[in-house]
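User: I would like to learn how to read a few features of a protein model. Could we go through them one at a time?

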Amino acid sequence: MESHLKILMLHLLKWHHQPSHRGVSWRLSIANARDEIAAILRDSPSLRPRLDELAASRYAGARKQAILETGLAPSSFPETCPFSVEQLLEEDTFPNT
């Protein structure tokens, strides 16, 4: 779950901060992460109440990786996760676009 959340937040950060680089691979990565998270939640619905906590704990890693991958200044990315759980999980939604 946590790994999929990190990947999802990484690609959503890049989606938001590098609109000129948006492409099919990012869209597919976002869709795949959401699909995997949904499957985990179907198998373990007791994890749903912990999603805020899990996303918050993995956001720092996603932010760090986004900084490295994009070459943008750390100040470009918020210190805390800018995405709600609803935004993270909603299919076909790309927050802040």
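**Reading charges and burial**

Analyst: We can begin with one residue. Asp35 sits in helix H2, which covers residues 24–43. Keep in mind that the model is predicted.

User: Is Leu10 buried or exposed?

Analyst: Buried means under 20% relative accessible area. Leu10 has 4%, so Leu10 is buried. Leu10 belongs to helix H1, residues 2–17. Setting aside neighbours within four places in sequence, Leu10 is in contact with Ala62, Gln65, Ala66 and Glu69.

User: How many salt bridges are there?

Analyst: A salt bridge needs a side-chain nitrogen of Lys or Arg within 4 Å of a carboxyl oxygen of Asp or Glu. By that rule there are three. One of them joins Glu69 and Lys14, with N and O 2.5 Å apart. Glu69 is in helix H3 (residues 51–70) and Lys14 in helix H1, so this pair ties together parts 55 residues apart in sequence. Glu69 is partly exposed at 42%, whereas Lys14 is buried at 6%.

User: What is the distance between the closest N and O atoms of Glu79 and Arg63?

Analyst: In that salt bridge the distance is 3.3 Å. Glu79 lies in the loop between H3 and helix H4 (85–89) and Arg63 in helix H3, so the pair ties together parts 16 residues apart in sequence. Glu79 counts as exposed at 64% relative accessibility, and Arg63 as buried at 13%.

Conventions:
Residues are numbered from 1 along each chain as its sequence is written. This is a predicted model: local features need pLDDT of at least 70, side-chain atom pairs count only at pLDDT 80 or more; totals for chains, interfaces and linings use all residues. Side-chain values use heavy atoms; hydrogens and water are left out. Helices (H or I, at least four residues) and strands (E, at least two) are DSSP runs, numbered from the N terminus. Buried means under 20% relative accessible area, exposed over 50%, partly exposed in between (1.4 Å probe, protein chains only). Contact means heavy atoms within 4.5 Å.
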